[in-house]
Amino acid sequence: MADLNLLHDAILKGNAPLAKSLTEEALRENLDPKLVLDRAMIPAMDEVGRLFEANEYFVPELLISARAMKAALELIKPLLADCGAEPVAKVAIGTVKGDLHDIGKNLVSAMLEGGGFEVIDLGVDVPPERFIQTVQEMGATIVALSALLTTTMPAMKTTIESLQQAGIRDRVKVIIGGAPVTRRYAEEIGADGYSDNANGAVSVARELSRAKAA
Ligand code: B12
């Protein structure tokens with residue numbers, strides 16, 4: 001029987017091969033991929049953050065834990081599909097300029113794909129112009145911004161302002177998220193939606209695309 005505590009610890013210790021094989025084992029046993037994520041993987045990264053804050057982990061430990069998390073996440077991602085026949089919208093997603101964190105963004109991206117959205121993943125450190133270009137050239141109607149640093153949150157505001165300046169703000173809905181981001185901040189900078197998790201991101205994107213279609 002797959003042990004989620006062992007998976008949690010493998011990510012915490014940055015043991016990517018073990019994290020991968022334990023995830024494979026859990027999936028072979030038909031454990032719900034969302035349960036594996038919520039009970040083992042995300043709590044492990046939260047603990048990594050706590051240890052970093054307590055000066056017990058440093059950047060190299062963050063990196064090897066992130067690598068283990070990614071190895072496990074790659075196996076989970078294709079299974080996050082949800083067969084709902086929802087209207088599909090195109091989402092341009094990226095981590096904002098100056099910010100290199102992508103685990104949460106990748107998770108949101110996978111959940112959106114699973115939820116029937118077409119996702120254009122622009123990666124990390126994405127300047128506002130890239131979002132603008134994706135809306136103009138590829139017809140994205142939702143822009144999803146991720147930020148994990150308090151110092152890069154203002155880049156979300158700048159991105160929204162740039163969409164305005166480019167005259168395309170009313171063509172898109174902007175949703176934002178990331179550990180330091182709050183609903184209040186989302187309202188403050190004029191975003192259309194916010195969620196503190198990947199499931200919520202899908203619900204918000206659905207609501208906004210329905211509202212747009214109506
Ligand atoms: C792993 C990690 C790293 C890795 C990133 C690897 C990678 N490929 O992503 C590395 C080592 C590169 C890194 C670097 C740094 N990091 Co770092 N990192 C983390 C850590 C431990 C985990 C982040 C993570 O992946 N969490 C797991 C995912 C699943 O959660 P999440 O990202 O929050 O995403 C969820 C939600 O927020 C939401 N969400 C996310 N995006 C979006 C988008 C939308 C649209 C929506 C709706 C929802 C949504 O849904 C996701 C799924 O549920 C956090 C601590 C933490 N607990 O957050 C620190 C943390 C974010 N890092 C921190 C710091 C300080 C740094 C560095 C500055 C360290 C340094 N001195 O160099 C650099 C900055 C580099 C840069 N320019 O970006 C601080 C930030 C402090 C702050 N408040 O600003 C944190 C909080 C650690 C701490 N406690 O001090 N880091």
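**Ground rules.** I number residues from 1 along each chain as its sequence is written, and I use heavy atoms for side-chain values, leaving out hydrogens and water. Since the model is predicted, local features need pLDDT of at least 70 and side-chain atom pairs count only at pLDDT 80 or more, while totals for chains, interfaces and linings use all residues.

**Entry 1, the cobalt.** The cobalt atom of the ligand has a single protein donor, His 101 through NE2, at 2.3 Å. (Donors are N, O and S atoms within 2.8 Å of the metal, or 3.2 Å for Na, K and Ca; water is not among the atoms, so sites may look incomplete.) I found His 101 in the loop between strand 1 (90-95) and helix 5. Helices (H or I, at least four residues) and strands (E, at least two) are DSSP runs, numbered from the N terminus.

I then went through the 35 residues around the ligand, where Glu 53, Leu 100, His 101, Asp 102 and Ser 146 come nearest; near means a heavy atom within 4 Å. By type I have 20 nonpolar, ten polar and five charged. Here Ala, Val, Leu, Ile, Met, Phe, Trp, Tyr, Cys and Pro count as nonpolar, Asp, Glu, Lys and Arg as charged, and the others, Gly among them, as polar.

I read an open sheet of five strands in the order 2-1-3-4-5, with parallel pairing (two strands pair if DSSP finds at least two bridges between them). Strand 2 (118-121) and strand 5 (193-194) are at the edges with a single partner strand each, so one side of each has no neighbour in the sheet. Two bridges join the parallel strands 4 and 5, and I noted Ile 176 opposite Tyr 194 in strand 5.
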